[in-house]
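Please report on this protein model.

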Amino acid sequence: MQHWSTIADNISQATGKSFSVDNSQSIGGGCINEAFRISGNGQDYFVKLHSSAYLDMFEAEAAGLQELASAQAIKVPLPVCTGSNSSKAWVVMEYISLGGRGNMALFGQQLAAMHRKTSPSFGWHTDNTIGSTPQINTPNIDWINFWREHRLGYQLELAARNGCSGSLQRKGERLMESFDMLFTNYQPEASLLHGDLWSGNYSSDAQGSPVIFDPAIYYGDREADLAMTELFGGFGSSFYDAYHDSWPIDPGYKVRKTFYNIYHILNHFNLFGGGYASQAENMIGSVLSESK
Ligand code: ADP
């Protein structure tokens with residue numbers, strides 16, 4: 001592929017060590033980008049490619065991986081460089097030989113440790129993406145306002161622009177007005193979140209150590225990360241037991257779990273369309289009826 005020599009130069013500059021690509025291998029499993037393992041000079045790197053307009057997305061991903069790494073809690077691929085030419089943008093990171101679920105109890109402990117890294121405000125200094133949808137992170141010291149404006153409200157508006165009107169929007173508005181009731185006896189801290197922690201963004205390395213990747217980080221309620229782990233098949237009881245032993249969860253999580261996941265299901269509608277709209281509407285209905 002014609003981009004490899006530019007990407008190799010980018011890597012050489014970033015690492016200060018001469019690199020050229022002898023072999024590239026396509027890697028499946030992603031939702032948004034083309035992914036490759038590239039090898040040369042005794043080194044392996046993992047590269048994601050998209051069209052050149054996506055450089056900002058990759059820069060935010062690299063910064064997000066760095067922020068997760070700084071918590072020193074869970075292994076993440078370390079970013080190497082980002083760049084673009086007239087047709088492609090890329091992010092290059094450490095290649096990790098991934099496979100299997102590894103030690104789920106250790107992962108539960110490590111996620112709780114990562115959530116202990118906190119910030120004075122919710123959000124982050126940079127916007128990023130969730131899938132390929134923009135995710136606005138403008139810092140706010142009020143979590144409810146942050147979620148109303150930049151999470152639930154943002155996705156509802158996008159859904160309206162994508163043709164989803166009627167009862168979903170009406171129920172969505174009711175939820176926007178009333179969801180502060182879910183926080184009557186609960187004040188979340190602004191924890192470092194992975195932000196897109198479904199099972200496809202978790203694996204383990206050759207030693208069985210947990211690895212997380214493909215983040216959409218920001219500082220927010222840790223329950224939002226836990227909720228996402230339960231959205232497309234949970235992570236198993238040893239993970240949850242270990243997390244709860246490290247840092248117990250408030251009983252109100254049961255309702256807030258569905259509430260937080262509405263964001264991701266609306267985002268799935270906005271990315272992929274189809275039945276996600278009715279799933280989101282059912283979830284909104286269920287939270288409305290439980291938060292009366
Ligand atoms: P997308 O942004 O398109 O969703 P992902 O970041 O999820 O792509 O990566 C696609 C797949 O590549 C993942 O499912 C995982 O199996 C693998 N992968 C991700 N990061 C690495 C890495 N640093 N090293 C090796 N394989 C990786």
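## Val255

Val255 has a relative accessibility of 18%, so it counts as buried (under 20% relative accessible area; over 50% is exposed and anything in between is partly exposed, with a 1.4 Å probe and protein chains only). Val255 sits in helix H8. Helices (H or I, at least four residues) and strands (E, at least two) are DSSP runs, numbered from the N terminus.

Leaving aside neighbours within four places in sequence, Val255 is in contact with Leu182, Val287 and Glu290. Contact here means heavy atoms within 4.5 Å. Val255 and Leu68 are 187 residues apart along the chain, and their C-alpha atoms are separated by 28 Å.

## Basis of the model

This is a predicted model: local features need pLDDT of at least 70, side-chain atom pairs count only at pLDDT 80 or more, and totals for chains, interfaces and linings use all residues. Residues are numbered from 1 along each chain as its sequence is written, and side-chain values use heavy atoms, with hydrogens and water left out.

## Helix H6 against helix H8

H8 spans residues 253–272, and H6 spans residues 222–229. The two helices pack at an angle of about 75 degrees, with their axes 8 Å apart. Axes are lines fitted to C-alpha atoms, for helices over the stretch in contact, and angles run from 0 to 180 degrees between N-to-C directions. H6 and H8 are therefore roughly perpendicular to each other. That label covers 65 to 115 degrees; angles under 35 count as roughly parallel, over 145 as roughly antiparallel, and the rest as oblique.

On the H6 side, the contact involves Glu223, Ala224, Leu226, Ala227 and Met228. They meet Tyr253, Arg256, Lys257, Tyr260, Asn261 and His264 of H8. By class, the contact residues divide into six nonpolar, two polar and three charged. Ala, Val, Leu, Ile, Met, Phe, Trp, Tyr, Cys and Pro count as nonpolar, Asp, Glu, Lys and Arg as charged, and the others, Gly among them, as polar.

## The largest cavity

Rolling a probe the size of a water molecule over the atoms shows where empty space is left. On a 1 Å grid over the protein atoms alone, a cavity is a set of points where a 1.4 Å probe fits but cannot get out; a pocket is an open set with protein on both sides within 12 Å along at least five of seven lines; lining residues have an atom within 4 Å of a point. Grid points are joined across faces, edges and corners, and a volume is the space filled by probe spheres set on the points.

The count comes to one cavity of 30 Å³ or more. The largest cavity has a volume of about 50 Å³. Its lining consists of Gln135, Trp147, Leu193, Gly195, Tyr218, Ala224, Asp225, Met228, Tyr263 and His264. H6 and H8 are the elements that give two or more residues to this lining. H6 gives the most, with three residues. The lining divides into six nonpolar, three polar and one charged.

## The largest pocket

The largest pocket holds about 820 Å³ of space. It is lined by 41 residues, and the closest to its centre are Gly30, Lys48, Asn201, Phe213 and Asp214. Two or more lining residues come from each of strand E3 (43–51), helix H2 (55–70), strand E5 (88–94), strand E6 (128–130) and H8. H8 provides the largest share, five residues. By class, the lining has 23 nonpolar, 13 polar and five charged residues.

## Two positive phi values

Most residues other than glycine have a negative phi. Asp214 has a positive phi, near 55 degrees. It lies in the loop between strand E10 (210–212) and strand E11 (218–220). Asp214 is partly exposed, with a relative accessible area of 29%.

Gln72 also has a positive phi, near 50 degrees. Its place is the loop between H2 and strand E4 (79–84). At 75% relative accessibility, Gln72 counts as exposed.

Gly172 is in helix H5 (residues 167–178). Its relative accessible area is 0%, so Gly172 is buried. Beyond four places in sequence, Gly172 is in contact with Leu156 and Ile284. Gly172 and Ala280 are 108 residues apart along the chain, with C-alpha atoms separated by 9.3 Å.

Ala112 belongs to helix H3 (residues 104–115). Ala112 counts as buried at 2% relative accessibility. Not counting residues up to four places away in sequence, Ala112 touches Tyr243, Ser246 and Trp247. Ala112 and Leu226 are 114 residues apart in sequence and 9.9 Å apart in space, C-alpha to C-alpha.
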